[in-house]
Amino acid sequence: MDTVQSDNPARSTDSVVSQKSIEREAEKRLISYRSEEGCTLECAGYLDLFGNTWGCVVQGDGWVDIVVIRNVAEQTCSVQTIRLNANG
């Protein structure tokens, strides 16, 4: 996993390429968040009309994750997760 830190310590960005479809990767991410204590799914769904980009917003205790999954090729997608921390 490639992590890019911004100048703002209250924000981090992770970008990865997955060998899964958008649907499978989204399912994997949602299951992972569901098993995490104290976080809630605020919204989730496709961000375009063609089903090529999916996203969600998850809120935890002192943090918010914004996840965007984009179709790259058949059975391959890119996943970007931006974490915003209240504790900066």
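Predicted model: local features only at pLDDT ≥ 70, side-chain atom pairs only at ≥ 80, totals over all residues.
**Entry 1**

I began with strand S2 (residues 11-18) and strand S6 (residues 76-85), which pair in the antiparallel sense over 8 bridges. My note on the terms: helices (H or I, at least four residues) and strands (E, at least two) are DSSP runs, numbered from the N terminus, and two strands pair if DSSP finds at least two bridges between them.

Residues are numbered from 1 along each chain as its sequence is written, and side-chain values use heavy atoms, with hydrogens and water left out.

Next I looked at the other pairing of S6: strand S5 (residues 63-73) joins S6 in the antiparallel sense over 10 bridges. Across from Cys77 in S6 I found Asn71. The hairpin of S5 and S6 has 2 residues between the strands, and Gln75 takes a positive phi near 60° there.

**Entry 2: Thr76**

I then checked Thr76, which is found in strand S6. Is Thr76 buried or exposed? Thr76 counts as buried, because its relative accessibility is 14% (buried means under 20% relative accessible area, exposed over 50%, partly exposed in between, with a 1.4 Å probe and protein chains only). Leaving out residues up to four places away in sequence, Thr76 touches Val17, Ser18, Gln19, Lys20, Arg70 and Asn71 (contact means heavy atoms within 4.5 Å).

**Entry 3: Glu25**

I moved on to helix H1 (residues 22-35), where Glu25 has its place. Glu25 counts as buried, since its relative accessibility is 0%. Its side chain makes a polar contact with the side chain of Ser18, at 2.6 Å (a pair of N or O atoms within 3.5 Å; within protein, one must be able to donate a hydrogen and the other to accept it, and residues adjacent in sequence count only if both atoms are side-chain atoms). Not counting residues up to four places away in sequence, Glu25 touches Ser18, Lys20, Ile69, Cys77 and Val79.

**Entry 4: the cysteines**

How many disulfides does the rule give? I got a count of 0 disulfides, a disulfide being a pair of cysteine sulfur atoms within 2.5 Å. For Cys39, the closest cysteine sulfur is in Cys56, 9.9 Å away, so the two are too far apart for a bond. Cys39 is buried, with a relative accessible area of 15%. Cys77 is buried too, at 0%.
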